[in-house]
Amino acid sequence: MSDSEPSAPAYRYAAPDEWHEVDRYFTQSFVGEDDALIAARRSGAATTMPHAEVAANQGAFLGQLVTIAGAKRVLEFGTLAGYSTIWLARAAGEDGRVVTLELEPDNASIAEANFRAAGVAEHITMIVGPAAESAARLISDGAEPFDFVFIDADKPNNPAYLTAALELTRSGAVIVIDNVVRNGAVTDADSTDPRVQGVRKVVDEIAAHPELDATAFQTVGEKGWDGLIIARRR
Ligand code: DHB
Ligand code: MG
């Protein structure tokens, strides 16, 4: 990690050597990253959010969830270089489809090349623009309901993305939200960080929602101290 990488939040790098080592151990043991995934992960460094992609073992975890859920239609908020998108698309399988929403055209170009190299481009529809607007268009177009949603875009908009996800999913759908611990900042009710408040608001909304069963857990690893919410529609 060089000093020249721009504006990366410090918390993302707060990972002791042991956390890296354990990630390496499990990733080497279990996670088959082929050349296309390795290239996609590395190309994340060229996006507007260097190193924000999920770790390899987390990508495999998302794939496992898609497989366990039997999800065929997957919606992703936040593509970046498409690393998690490839995991989701491969897990959704030959008859699967991933719709992924990305704000930045330059990120989308990187992702598109990665999808082609990974052999999943045919299974992925990427929509470029503000994700809330893209999701609103999916809703107004009457998009077929999704089975699985991964929310991993700009954190202040988490509540808007949850609202859209609830309009775009069927009963039984799984909704996963990334980066909900943020080095422990999530418990600071007075945080002035809009990303923390975006997480806290979506936590409140999920907790209050009569149709959602959810849990959340912390993760440590090469991406620092963070965590995931896993929610399911009744
Ligand atoms: C941030 C966003 C991410 O999706 C991630 O995985 C890590 C960090 C961020 O907004 O800082
Ligand atoms: Mg993330």
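I began with Arg-195, which is partly exposed because its relative accessibility is 32%. My rule for a salt bridge was a side-chain nitrogen of Lys or Arg within 4 Å of a carboxyl oxygen of Asp or Glu.

**Basis of the entries**

I worked on a predicted model, in which local features need pLDDT of at least 70 and side-chain atom pairs count only at pLDDT 80 or more, while totals for chains, interfaces and linings use all residues. Residues are numbered from 1 along each chain as its sequence is written, chains are lettered from A and ligands numbered from 1 in the order in which they are written, and side-chain values use heavy atoms, with hydrogens and water left out.

**Other salt bridges**

I noted a count of 11 salt bridges by this rule. Lys-223 pairs with Glu-53, the closest N and O atoms being 3.3 Å apart. This pair links distant parts of the chain, 170 residues apart: Lys-223 is in the loop between β6 (212–221) and β7, and Glu-53 is in the loop between α2 (35–43) and α3. Both Lys-223 and Glu-53 are buried.

I also recorded a salt bridge between Glu-205 and Lys-201, with the closest N and O atoms 3.2 Å apart. These two residues are about one helical turn apart, because they are separated by 4 residues in helix α8 (residues 194–208). Glu-205 is partly exposed at 27% relative accessibility, and Lys-201 is likewise partly exposed, at 46%.

**Helix α8, Ala-208**

I looked up Ala-208, which lies in helix α8. Ala-208 is exposed, with a relative accessible area of 62%. From Ala-208 to Ala-92 I noted 116 residues in sequence and 30 Å in space, C-alpha to C-alpha.

**Helix α3**

I took helices (H or I, at least four residues) and strands (E, at least two) as DSSP runs, numbered from the N terminus. Helix α3 (residues 56–69) has 14 residues and should span 20 Å at 1.5 Å a residue, which agrees with the 20 Å between its end C-alpha atoms. The expected span is 1.5 Å times one less than the number of residues.

I listed the buried residues of α3 as Ala-56, Gly-59, Ala-60, Leu-62, Gly-63, Leu-65 and Val-66. Their cover includes α1 (17–30), β1 (73–77), α4 (83–92), β4 (146–151), β5 (169–178) and β7 (224–233), where contact means heavy atoms within 4.5 Å. After α3 comes Gly-70, with a positive phi near 65°.

**Magnesium ion (ligand 2)**

I found Asp-152 (OD), Asp-178 (OD) and Asn-179 (OD1) as the protein donors of the magnesium ion, 2.0 to 2.1 Å from it. Donors are N, O and S atoms within 2.8 Å of the metal (3.2 Å for Na, K and Ca); water is not among the atoms, so sites may look incomplete. Along the chain the donors follow the spacing D-x25-D-N. Asp-178 is buried at 7% relative accessible area, and Asn-179 is buried at 12%.

Phe-30 lies in helix α1 and is exposed at 66% relative accessibility.

How values were computed. Buried means under 20% relative accessible area, exposed over 50%, partly exposed in between (1.4 Å probe, protein chains only).
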